[in-house]
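Please open the structure in your viewer and display the backbone as a cartoon.

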Amino acid sequence: MGEQSVDRSEGFGERLLGVLLDRARLLPPQLIAPLIAEEVARIGGREVSILLQDYAQELLVPLPGKKLHVGQPEPVTDSPAGRAFQRADVVEVPHARGGVRMYLPLLDGSDQVGVMALTLDTVDDDGRRLLRRVSGLVADMLVTKNAYTDQFFLARRREPMSVSAEIQWGLLPPLTMTVPQVEVAGILEPAYRVAGDSFDYALNDNILHMAVIDAMGHDLDAATMATIAIGAYRHARRVFVSLAEKYAFMDLAVSRQFGADHFVTAQLMHLNIATGELELVNAGHPAPLLIRGGKVVRQLESATTLPVGFGGEAPRIREHTLQRGDRVLCYTDGIIEERLDGGEPFGEERLVRCVNRLGQGPSDGMRADLRLLSHTLKKERGGRTSDDATLFMIEWRGGAADHLAILD
């Protein structure tokens, strides 16, 4: 076989991207992956694989399809595909049969979809630039077509999923979001049986709106209550301005639907991404942890507020000011109330120790750090997650003035 490399011409690259866009628009979902493999072959790529993140965020699993190379799942940690995924950057390794194996992160905006892998005999900087563009387009196509099929869901699912978990995963926003000023990421456990935990966020101008909730109970009852709470939160977010109004709207919706003996704990936040000013309402949740320089420096305290659904008084809003690089870790009580072998709860002190220990090691970024923290906590608890256990983290990086160059 002659040496294969990516065509360097800009016109060829534009034609390739145009063909992908034109053909993908009307293709059924099951033919998207074969189309990708076919078009990547035109630029010299072979053994093309599309790897998607599984729901437990532990593996990158191959998407089946004609013309695709379908190998074994690759771990998110300690694999070339995993490094590309976690770092959101291209990873290249020598191929066993010659050439180079490339792993390109599939990013839909900043949301991590998975990794595209392919083998080339040789690649230069122009080829890398073209393949980055191709991988971005592939990610967009996968996200768009995902709404029309169960194929991608089935590839990502590694074990049976409960009905309540199906509801919760359908309710969630993207697990990650990154803009120059701020990054957010969340993880739900147990991935295939989660019921009452959820989170939501939206960036409207300079205000990042965030909510983390934990509905009482288990299974479908908890999932139904969480759905009402998140739906009410989104409605209020799109109509009202203040955290107090959001709390009141959610409280009324839950109490009217379920009565006075049901409730949802919640954390509601506004973060001004230009100034670092954070507003917080904590309705029955464990207090968030402020992480600075890789170590927990304190809890973010707030005035006592009744859980959503109890008809409490208007909450008092607590204000905090973040410094550049600060992280805020929100978690539900399933993290700290899990019982260890001796019967004692895992506790907040152990959580803080885990955060501090991991914070002193090398970092692949906030999203990778949160994933590592989740997996470490699960291991520390002996692999048990008997109740929902959610982590949600925010990293504030600085004001808008620092990033105006992005518009130049």
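Which residues of helix α3 (residues 80-87) are buried? Select this helix: Ala 81, Gly 82, Ala 84, Phe 85 and Gln 86 are buried, that is, under 20% relative accessible area with a 1.4 Å probe and protein chains only. Helices here are DSSP runs of H or I with at least four residues, and strands are runs of E with at least two, numbered from the N terminus. Just after α3, select Ala 88, which takes a positive phi of about 55 degrees.

A note on the model is needed here. It is predicted, so local features need pLDDT of at least 70 and side-chain atom pairs count only at pLDDT 80 or more, whereas totals for chains, interfaces and linings use all residues. Residues are numbered from 1 along each chain as its sequence is written, and side-chain values use heavy atoms, without hydrogens and water.

Next, select the open sheet of 5 strands, whose order is β9-β10-β11-β12-β15 with antiparallel pairing; two strands pair if DSSP finds at least two bridges between them. Its edge strands, β9 (197-204) and β15 (318-321), each pair on one side only.

Now focus on β9 and β10 (residues 207-215), which are joined by 8 bridges. Phe 199 stands opposite Val 212 in β10. Helix α7 (residues 219-237) packs on the sheet and touches β9, β10 and β11 (264-272), where contact means heavy atoms within 4.5 Å.

Finally, select Ile 167 in helix α6 (residues 163-171).

How values were computed: Axes are lines fitted to C-alpha atoms, for helices over the stretch in contact, and angles run from 0 to 180 degrees between N-to-C directions. Buried means under 20% relative accessible area, exposed over 50%, partly exposed in between (1.4 Å probe, protein chains only).
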